[in-house]
Amino acid sequence: VQLQASGGGLVQAGDSLRLSCAASGRTFSSYAMGWFRQAPGKEREFVAAINWMNGSTYYAASVKGRSTCSRDNNKNAVYLQMNSLKPEDTAVYYCAANMYADGTKWRADYWGQGTQVTVSS
C-alpha cells in the first residue's frame with residue numbers, strides 16, 4: 001500500500017488549503033481514510049476521517065467547522081479542505097488508510113509521507 005500526499009504549503013492565517021492523498025496497492029472499502037497531523041514537539045494527532053463505504057465523516061474538535069474531508073472512490077483518493085487556517089494548524093499532515101476508532105482514539109494501519117502546512121500570522 002502506498003499513500004501519496006500533496007497540497008501542503010506556506011499560507012497566511014485565514015487562508016484555505018486543500019490536501020490530497022492518492023492510495024494505491026489495494027482498495028479500502030471496509031475502512032476509513034483520513035488525516036493526522038504532528039506539530040513540532042507534539043504527538044501526532046487525529047484530524048479527520050471518512051468512511052469509505054458510506055461517506056460518514058469525523059473531525060477533531062480543533063478543525064471541525066473549518067475543514068471538510070471528502071473522497072473519490074474511483075481514484076482511491078481522499079482530500080482535506082481546510083479553511084480559516086490558524087497558526088496553530090501548522091504541522092506535518094499525514095494521510096492514513098485503514099483507519100479505525102479504538103475507544104476514544106483513531107488509529108491507522110497505513111501511513112503516507114507527510115506534507116508540511118505552515119500558517120503564518
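A salt bridge is counted here when a side-chain nitrogen of Lys or Arg lies within 4 Å of a carboxyl oxygen of Asp or Glu, and by this rule the count comes to four. The model is predicted, so local features need pLDDT of at least 70 and side-chain atom pairs count only at pLDDT 80 or more, whereas totals for chains, interfaces and linings use all residues. Residues are numbered from 1 along each chain as its sequence is written, and side-chain values use heavy atoms, with hydrogens and water left out.

**Salt-bridge network**

- Glu 45 and Arg 37 meet through their side chains at 2.6 Å, N to O, and Arg 37 also pairs with Asp 89 at 3.0 Å.
- Asp 89 lies in the loop between E8 and E9 and Arg 37 in strand E4, so this pair ties together parts that are 52 residues apart in sequence; strands (E, at least two residues) are DSSP runs, numbered from the N terminus.
- Asp 89 forms a further salt bridge with Arg 66, the closest N and O atoms being 2.8 Å apart, and shared partners join Arg 37, Glu 45, Arg 66 and Asp 89 into one network.

**Burial of the partners**

- Buried means under 20% relative accessible area, exposed over 50%, and partly exposed in between, with a 1.4 Å probe and protein chains only.
- Asp 89 is buried at 1%, Arg 37 is buried at 5% and Arg 66 is buried at 13%, whereas Glu 45 is partly exposed at 35%.

Note on methods. Helices (H or I, at least four residues) and strands (E, at least two) are DSSP runs, numbered from the N terminus.
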